[in-house]
Amino acid sequence: MGPADPRVVGRVRSTACLKRATVPGTARRPVAAVSAAALLFLSAAVVGCRASPRSDAPLYLTAGAQGPDTRVTLHAAPHLKINARLAPALELAGGTVLRFGGAPLTADSAYFSQPPSALLTGRHEEVHGTLRASVCRDDEQVCRSLTLEL
Amino acid sequence: MTRSALLFFASLAAALAGGAALESASRAQAQARVPMLNAPSGLRAPAPAWRNTSWLNSDHPLTLSELKGRVVLLNFWVFTCYNCTNTVPSLVDFDHKYRDQGLTIIGIHTPEFPPYAGEHDRGNVERALRKYGIAYPNAQDNDSKTWNLYDIRYWPSFVLIDKKGDIRYQGYGEFHLNDGSYHTWDQRIRELLAE
C-alpha cells in the first residue's frame, strides 16, 4: 500500500456545528453512531472490502505506507476548509498527539490548500484515538470544531 | 455469499446511511442559523453571570453586576480562529468610539482544542492581544463555562447586553470595518447606549 493507493481509515461526520461533539448529553449519541459507522468501515477495510472516499463526508482519513511508517492524511469535503492556525490533531490512545501539517496554505495562511498529513510510527492498518479539526465552510464566516472517536 | 457476510454488509450499509442522515441534518441546521446576525431584535432575557477568574486588560475579574449601567458587548473568540481575528479591527473601533459613552467590550477567549494546542496559555493570549491591538478586557474561558452558559456554538459570536443587564442581541460570524454587519452592530450599540 503506497501513498498513491490510500486506504480510508476513518470517517468524520459533523454532528452539526457544535463546538464539542463529545460533550455529555445529546451530542454523545450521534458521535457514538458515527464511531460505530467508522468502526464498521474499518472492519470492511480489514477484511479486504475495497472502499473509495465518499465525496459527501465532511472529513476522512487515508493512510499509506511511508518507509517503515504510516502517513495519515486528512481530507476535507470540497465545501470545507481546514483551519491551519489550529492544526488538526489525532490524539492516540496512549496519549501521543499527532498534529497534521506539511501541506501548502492558502494565500492568507489561514487554511490548508492541500490535505495535511501526519506520520505515524510503524505500520498501521487501523487508527484508534480522537481526531480533532477546526473547519470552516466556504459559505460561512465562522469556525467550528469536529471531533471523532476513532 | 454466506449468511454472515450478508448480515455484515447489511449492517455496514445501514450504518453509512445513518451517518449520511446525520450529516444532512447538520447542514440544514447550520444553514438555518447563519443569517442570525441580522435577525430582528426581540430578545430581552437576563444575562447570566460569568465567573471567569483569569483576566487580561483588567486589574480585577469583571462581574456583570458591576457593569450595570453600561452596555456590554461579549465577544466569544479564540486567537487561532481566522474569522475571529478578522473581526477584531471592528471591535477595536467600537471600543475607541464608544467606551467613553458607556460601552464595555469583553473578549471571552474560549479555546477550541485541549491545552496541547496552546490556546489555554495566558502568555499566548497576551501576545495575541498585543498583536491585534486589543485594549478591552478579556477573560480566559479555558473550561468553556461561559461559552456553555451562553449556549454559544461558533467562533466568533457576540452577545449585546443592555444597561439593565438584559441580553438584547446575539449573533455570530466574521465582519469587517464598515461592511453591512459592522453597521448593524454599530446601530445596535448606539441604540442601547441611547436608552
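These are my notebook entries on a few things I looked up in this predicted model.

**Ground rules**

I number residues from 1 along each chain as its sequence is written, and I letter chains from A and number ligands from 1 in the order in which they are written. Because the model is predicted, local features need pLDDT of at least 70 and side-chain atom pairs count only at pLDDT 80 or more, while totals for chains, interfaces and linings use all residues; side-chain values use heavy atoms, with hydrogens and water left out.

**Entry 1: chain A in outline**

I began with the secondary structure of chain A, which comes to one helix and nine strands. Helices (H or I, at least four residues) and strands (E, at least two) are DSSP runs, numbered from the N terminus. From the N terminus on, I read the order β-α-β-β-β-β-β-β-β-β. Chain A has 150 residues, and 54% of them are buried. Here buried means under 20% relative accessible area, exposed over 50%, and partly exposed in between (1.4 Å probe, protein chains only). I also looked at contacts, meaning heavy atoms within 4.5 Å. Among those in chain A between residues at least 6 apart in sequence, 58% join residues at least 24 apart.

**Entry 2: Ser134(A)**

Next I picked a residue in strand β8 (residues 129-137) of chain A, namely Ser134(A). Ser134(A) counts as buried because its relative accessibility is 0%. Which residue's side chain does Ser134(A) join by a polar contact of 2.8 Å? The partner is Glu112(B). A polar contact is a pair of N or O atoms within 3.5 Å; within protein, one must be able to donate a hydrogen and the other to accept it, and residues adjacent in sequence count only if both atoms are side-chain atoms. Leaving aside neighbours within four places in sequence, the contacts of Ser134(A) include Lys81(A), Cys143(A), Glu112(B) and Phe113(B).

**Entry 3: aromatic pairs**

I then searched the whole structure and found 10 aromatic pairs over all chains. Rings of Phe, Tyr and Trp (its six-membered ring) pair if their centres lie within 6.5 Å; planes under 30 degrees apart count as stacked, over 60 as edge-to-face and the rest as tilted. One of the pairs is Phe76(B) with Trp147(B), edge-to-face at 6.3 Å centre to centre with 80° between the planes. Phe76(B) is in strand β3 (residues 71-77) and Trp147(B) in helix α4 (residues 145-149) of chain B, so distant parts of the chain, 71 residues apart, are linked. Phe76(B) is buried at 0% relative accessibility, and Trp147(B) is buried at 2%.

I looked at another pair, Phe94(B) and Phe175(B), which is tilted because the planes meet at 40°, with the ring centres 6.4 Å apart. Phe94(B) is in helix α2 (residues 82-98) and Phe175(B) in the loop between β7 (166-172) and α5 (180-194) of chain B, so parts 81 residues apart in sequence are tied together. Phe94(B) is buried at 0% relative accessibility and Phe175(B) at 1%.

**Entry 4: helix α5(B)**

Trp185(B) took me to α5(B), where this residue is listed as buried. The charged end of Arg188(B) sits over the ring of Trp185(B), 4.6 Å from its centre. For this, NZ of Lys or CZ of Arg must be within 6 Å of the ring centre and within 35 degrees of the ring normal.

Where on the helix do the buried residues of α5(B) fall? They lie within an arc of 160° seen down the axis, so they line one face. The arc is that of the directions from the helix axis to the C-beta atoms. The buried residues pack against β3, α2, β4 (103-109), β6 (157-161) and β7 of chain B. At the N-terminal end I found a cap: a side-chain oxygen of Asp179(B) lies 3.1 Å from the backbone nitrogen of Ser181(B).

Most residues other than glycine have a negative phi, and most peptide bonds are trans. I noted a cis peptide bond from Trp155(B) to Pro156(B), with omega near -10°. Pro156(B) is in the loop between α4 and β6 of chain B.

Ser144(B) has a positive phi, near 65°, in the loop between β5 (138-140) and α4 of chain B. Asn178(B) has a positive phi too, near 70°, in the loop between β7 and α5 of chain B. Buried or exposed? Ser144(B) is buried, with a relative accessible area of 3%, whereas Asn178(B) is exposed at 54%.
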